[in-house]
Amino acid sequence: LELEIHLLRALEREEFFLNFQPVIELDTGRIVELEALLRWEHAQHGLISPAEFIPIAEETGLIIPIGRWTLREAARLMREWLSRFPHLPPELKLSVNLSPRQLRYSGLVQEIAATLDEVGLSPSRLKIEITESLLVDSDEAVLCRLQDLRAHGIELALDDFGTGYSSLGYLSGLPVDCLKIDRTFVERLGQDQAQAAIIQTIVSVARALGLNVVGEGIETEMQLVHLRALGCTRGQGYYIARPLSADGVATLFQRGL
Ligand code: G
Ligand code: G
Ligand code: MN
Ligand code: NA
């Protein structure tokens, strides 16, 4: 309850900020995506992990105003970088995580479209990440909302893929553009044959369905090399880049990627 009260005040106290973690194309090293990651710096308690406060924000419904702030702030920063660094490639996207509660909110699509319009960021620059488990038990309204986002030109990614038990047949009917392979599979690459087989399967399904595929949680060069050998084209993880502050992103772009 205490955390809940603090969370309620965090927005007005401006205690939230964003980090951005790059996703690269494994062959070229080019950055194709920046994933916005929410951070909460509490005046007394210091940095509180989203793993701790997102579930509370979900339960209380506070995720709606917090998510609203996140999308606007991320879009604003992306817009700023695109203006400051005209050499940024057209395929570079901003990626934002949405939780299930946000997808059950009927005003979501209109609100996102209006925010992008106000900020001046094209919907084609935005990618939304949802967890695979959300889709497995989603209703018709949620699926329509996802279709609607895509109709606006926004890309959809399934986060933590491989952990949500969706069948491959089911996947082919879903409105998604990208699979992000959960880091638990990447973690044991090289030690455990089964992980390589699972990744290979995900990669071939992605290819058959024309989806992009990102390997998450790459922490070693060996994992990167393995993933690339298995046909995974994109990657993200501490070995490639840690989540960066907004200033850190600007510095990176200043150096010319
Ligand atoms: O950044 P970190 O590894 O601490 O994130 C922990 C979890 O919080 C991850 O599952 C991540 O997807 C989630 N998360 C981070 N930022 C956001 C956000 O803006 N919205 C939602 N819904 N989840 C987020
Ligand atoms: O659930 P999602 O994939 O959105 O989670 C993103 C979270 O994963 C972020 O909090 C980020 O800090 C964390 N993360 C990013 N790269 C790595 C990594 O290489 N190893 C680990 N353990 N966590 C990572
Ligand atoms: Mn994510
Ligand atoms: Na993930």
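1. A word on residue classes before we start: Ala, Val, Leu, Ile, Met, Phe, Trp, Tyr, Cys and Pro count as nonpolar, Asp, Glu, Lys and Arg as charged, and the others, Gly among them, as polar. Please also keep in mind that this is a predicted model.

2. With those classes in hand, let's visit ligand 1. The shell around ligand 1 has 6 nonpolar and 4 polar residues, with no charged residues. Surrounding ligand 1 are Leu 37, Leu 38, Ser 49, Pro 50, Ala 51, Ile 54, Thr 70, Asn 97, Leu 98 and Ser 99.

3. Which elements supply this shell? Helix α2 gives the largest share, 3 residues, and both β2 (31-42) and α2 contribute at least two residues each.

4. Helix α2 also has a helical partner. Helix α1 (residues 2-10) packs with helix α2 (residues 50-60) at an angle of about 80°, and their axes are 10 Å apart. The two helices are therefore roughly perpendicular.

5. You can find the contact by looking for Leu 3, Glu 4 and Leu 7 in α1, which meet Phe 53, Ile 56, Ala 57 and Thr 60 in α2. By class, this contact has 5 nonpolar residues, 1 polar and 1 charged.

6. Now step back to the whole protein, which has 12 helices and 10 strands. Its radius of gyration is 18 Å, close to the 18 Å that the globule rule gives for 257 residues, so the protein is as compact as a globular protein of that length. The C-alpha trace spans about 50 × 45 × 35 Å along its principal axes.

7. Finally, burial and contacts. Of the 257 residues, 36% are buried. Among contacts between residues at least 6 apart in sequence, 66% join residues at least 24 apart.

How values were computed
Residues are numbered from 1 along each chain as its sequence is written. Chains are lettered from A and ligands numbered from 1 in the order in which they are written. This is a predicted model: local features need pLDDT of at least 70, side-chain atom pairs count only at pLDDT 80 or more; totals for chains, interfaces and linings use all residues. Axes are lines fitted to C-alpha atoms, for helices over the stretch in contact, and angles run from 0 to 180 degrees between N-to-C directions. Helices (H or I, at least four residues) and strands (E, at least two) are DSSP runs, numbered from the N terminus. Angles under 35 degrees count as roughly parallel, over 145 as roughly antiparallel, 65 to 115 as roughly perpendicular and the rest as oblique. Two residues are in contact if their C-beta atoms, placed from the backbone, lie within 7 Å. The radius of gyration is taken over C-alpha atoms; the globule rule is 2.2 Å times the number of residues to the power 0.38. A residue is buried if 20 or more other C-beta atoms lie within 10 Å of its own, exposed if 12 or fewer, and partly exposed in between; C-beta atoms are placed from the backbone. A residue is near a molecule or strand if its C-beta atom, placed from the backbone, lies within 6 Å of it.
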